[in-house]
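Subject: Structure handover

Hello,

Please find the structure below. My notes on it follow.

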Amino acid sequence: MSEKTSFFEKQLNLPIKTIVLENVDSTNNYCKKIAKATANDALVVAFAQSNGKGRMGRNFYSPTDSGIYVSYLLHPALSAEESSKITTAAAVAAAKAIENISSKKAYIKWVNDIYVDNKKVCGILTESAISAKGELEYAVMGLGVNLFAPLGGFPDDIKDKAGSVFKGILPSTDTTISFIKEFHKQFISVYNILPDNYYMEEYKSRSLLKGKTVTFIKDGKENEGFVLGIDNEARLLLSTENGAVTLSAGEVSVKF
Ligand code: BTN
């Protein structure tokens, strides 16, 4: 354990077993490994990831200093179907935490990306372990947030889309610790009452896409649609030239 990791563990002082690592392949993978040996919940925090995982098999850029990468190992009393609520609850918690530490308005881009100033600053990936009986054994909810701008900027493939919560200021340990503490507080307050989804009102009110024209792939074809809103099951409601479309998963693109 380095001086920095033990400092973080002490400062965080959270009511959940917390493991802080300098570098790991992926905090989600780390949680899945420890899930084999414990029935307890845990929080894993890493300063960098060598193989950070994003949605849809993508890589998640995870350099040291600019971002922080956290995963929760959770054993919720939810059905396998209900486990998707962990992601939407985490999106609300992340948006609120970002806003509370930065005073910048944070929006949710369906399904679970957080945007500040029209740039993606945070992504969430939840992975669930389902038993042979179809029951949820555990879930791993991982969140990566670009708090500060990376030295030398973002790589070419994401530089048009990615941004950081704070711009032009140096990475700060205090701010990073404040974010994790604030996120934990916000997340646990919604997670503890799942599957109740009262938090969906907040999710909807932070929608980046409502009232915008987006493109999306359906049945292998690119379509355009106008976003009418989001329902209580976190489905995206669109109006297209071929009628109403409801998306329950996937990704849409928007031009700013
Ligand atoms: C996305 O934007 O596609 C989701 C990104 C999720 C990244 C986080 S960082 C912490 C955790 N560990 C991972 O390997 N991925 C998630």
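Fold and basis

S1, helix H2 (residues 27-35) and S2 form a right-handed β-α-β unit. Right-handed is used in this sense: with the strands pointing away from the viewer, the path from the first strand over the helix to the second runs clockwise. Helices (H or I, at least four residues) and strands (E, at least two) are DSSP runs, numbered from the N terminus.

This is a predicted model, in which local features need pLDDT of at least 70 and side-chain atom pairs count only at pLDDT 80 or more, while totals for chains, interfaces and linings use all residues. Residues are numbered from 1 along each chain as its sequence is written, and side-chain values use heavy atoms, with hydrogens and water left out.

Strands S1 (residues 17-24) and S2 (residues 42-49) pair in the parallel sense over 7 bridges; pairing requires that DSSP finds at least two bridges between two strands. Asparagine 23 has alanine 48 in S2 as its bridge partner.

Ligand

The ligand is surrounded by 20 residues, the closest being Ser26, Gln49, Lys53, Arg55 and Lys120 (a residue counts if one of its heavy atoms lies within 4 Å).

- Serine 26 places a polar side-chain atom 2.7 Å from an oxygen atom of the ligand.
- Glutamine 49 has a side-chain N or O atom 2.9 Å from a nitrogen atom of the ligand.
- Arginine 55 has a backbone N or O atom 2.7 Å from an oxygen atom of the ligand.

Largest pocket

A pocket here is an open set of points on a 1 Å grid over the protein atoms alone, where a 1.4 Å probe fits, with protein on both sides within 12 Å along at least five of seven lines; lining residues have an atom within 4 Å of a point. The lining of the largest pocket has 34 residues, and Gly54, Asn59, Phe60, Tyr61 and Lys120 lie nearest its centre. S6 supplies the largest share of that lining, 6 residues.

Backbone

Tryptophan 110 and valine 111 are joined by a cis peptide bond with omega of about 10°, and valine 111 sits in the loop between strand S4 (107-109) and strand S5 (113-116). Another cis bond runs from leucine 194 to proline 195, with omega near 10°; proline 195 is in the loop between helix H4 (173-191) and helix H5 (200-205). Aspartate 117, in the loop between S5 and S6, has a positive phi of about 50° although it is not a glycine.

Regards

Technical notes: Polar contact = N/O pair within 3.5 Å; in protein donor to acceptor, adjacent residues only side chain to side chain.
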